[in-house]
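Please read the explanation below with the structure open beside you, and find each part as it is named.

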Amino acid sequence: MSTSLGVEQQVLHAYVALENLGAGRSINDLADELGISRFTVSRMVKRARSDGLIDVRATIESPVDVELSGRLAERFGLRSAFAVHTPGPDEALARNVIARVTARYLEENAVDDDVLGLSPGRTLVAASRLVNRMPYLDVVQLTGVGTARTEDGAESVTNLGRVAGGGTYPLYAPIISEVPAQAITSHPAVQQTIRRFDHLTKAVMTIGGWPESSLLAELVQQLGMLDELMGRGIVGEIGGVLLDADGREVPAPEGRMVGITSDQIRRTPLAVGVGGGPSKTQAVLATLRSGLCHVVITDADSARAALAA
């Protein structure tokens with residue numbers, strides 16, 4: 001603690017800082033009370049912090065690392081980031097912790113009449129099971145699914161649609177087709193969903209890590225196309241957009257993908273990428289480098305790796 005201020009001044013500086021930072025009183029209000037200028041009050045607040053007269057600490061509920069989250073957001077130009085501490089390297093445990101943070105984010109940031117897009121994925125399915133309240137809004141599925149298991153895909157759309165009470169637009173199609181997908185995408189029910197992509201206000205998308213932690217990569221492998229696509233340098237995907245290690249979009253097999261495009265993601269006012277775990281570290285970095293997302297929710301180890309890259 002600084003000794004350049006007398007005890008009386010130390011108390012006064014601490015009082016001003018606590019009233020401003022702790023009680024939320026404005027600089028102008030404090031200036032009027034003390035009969036000094038607002039510039040003096042502002043300097044007193046800064047002095048109280050720099051001299052250690054008060055201790056300003058984040059008290060946000062664990063498991064979000066506030067300092068790491070702030071650094072990640074600043075480094076990659078995000079509106080916000082959430083670096084989540086996970087209990088060890090287990091992928092399923094990491095997914096569950098990230099899902100809890102994602103569920104809370106959805107509850108706190110969705111607004112009436114949103115058109116909310118969701119890409120299928122295990123993390124978002126887990127998050128959708130935890131959401132208990134939503135404003136009235138529409139929910140749109142942003143890509144086809146990578147598996148026939150509803151618990152790995154379309155369930156997130158139906159869960160949130162049920163809570164929100166608005167329109168629900170599922171996409172009953174594979175995310176990648178063995179043959180040109182035009183026969184699938186021309187179906188009226190599929191077209192009804194695809195047309196909603198241009199009206200999204202928010203998009204929340206799974207980050208997939210290639211090849212170990214991506215339902216899309218699993219499907220690609222079943223179709224016998226994995227080696228070809230991996231040869232193009234793919235390390236992950238966000239929504240249905242394939243990315244290399246530098247965050248550049250890798251063209252998908254022409255006419256085979258069913259889902260939102262990178263241009264449509266960029267036109268969405270708020271795009272959120274969700275995913276983490278050891279198998280997604282490269283994919284998270286690629287997503288951050290791509291500039292496709294305004295918000296990223298990931299694990300602390302992936303955040304640190306991205307900052308170190």
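Predicted model: local features only at pLDDT ≥ 70, side-chain atom pairs only at ≥ 80, totals over all residues.

Residues are numbered from 1 along each chain as its sequence is written, and side-chain values use heavy atoms, with hydrogens and water left out.

Helix α4 covers residues 66-76 and helix α14 covers residues 300-308, and the two pack at an angle of about 40 degrees with their axes 10 Å apart. Here helices (H or I, at least four residues) and strands (E, at least two) are DSSP runs numbered from the N terminus, and axes are lines fitted to C-alpha atoms, for helices over the stretch in contact, with angles running from 0 to 180 degrees between N-to-C directions. Because of their angle, α4 and α14 are oblique to each other, where under 35 degrees counts as roughly parallel, over 145 as roughly antiparallel, 65 to 115 as roughly perpendicular and the rest as oblique. On the α4 side the contact (heavy atoms within 4.5 Å) is made by L68, R71, L72, R75 and F76, and on the α14 side by A300, A303, R304, A306 and L307. These residues divide into 7 nonpolar, no polar and 3 charged, if Ala, Val, Leu, Ile, Met, Phe, Trp, Tyr, Cys and Pro are taken as nonpolar, Asp, Glu, Lys and Arg as charged, and the others, Gly among them, as polar.

E67 and R71 lie 4 residues apart in α4, about one turn of the helix. An α-helix has 3.6 residues a turn, so residues three or four places apart point the same way. At 38% relative accessibility R71 counts as partly exposed, a class between buried (under 20% relative accessible area) and exposed (over 50%), found with a 1.4 Å probe and protein chains only.

By the salt-bridge rule the count comes to 15. Another of these bridges joins E33 to R25, whose closest N and O atoms are 2.6 Å apart; E33 is partly exposed at 41% relative accessibility, and R25 is partly exposed at 21%. Both residues belong to a network of salt bridges that links E19, R25, D29 and E33.

A second pair of helices, α5 (residues 91-109) and α6 (residues 122-130), packs at an angle of about 55 degrees with axes 8 Å apart, so α5 is oblique to α6. Their crossing is right-handed. The residues in contact include R95, N96 and I98 of α5 and R122, T123 and L124 of α6, and by class the whole contact has 7 nonpolar, 3 polar and 4 charged residues.

In the loop between α5 and β2 (115-118) lies D113, which has a positive phi of about 70 degrees although it is not a glycine. With a relative accessible area of 60%, D113 is exposed.

How many of the 10 residues of helix α13 are buried? The helix, residues 281-290, is mostly covered, with 7 of its 10 residues buried, among them A283, V284 and S290. S290 has a relative accessible area of 10% and is therefore buried, and, leaving aside neighbours within four places in sequence, S290 is in contact with L243, G247 and R266. Just after α13, G291 takes a positive phi of about 75 degrees.

Another backbone feature is the cis peptide bond that joins W210 and P211, with omega about -10 degrees; P211 is found in the loop between β5 (202-209) and α10 (215-222).

Taken as a whole, the chain has 14 helices and 9 strands, and its C-alpha trace spans about 80 × 40 × 30 Å along the principal axes. Of its 309 residues, 52% count as buried.

Methods:
Left-handed = near helix turned anticlockwise from the far one by under 90°. Salt bridge = Lys/Arg side-chain N within 4 Å of Asp/Glu carboxyl O.
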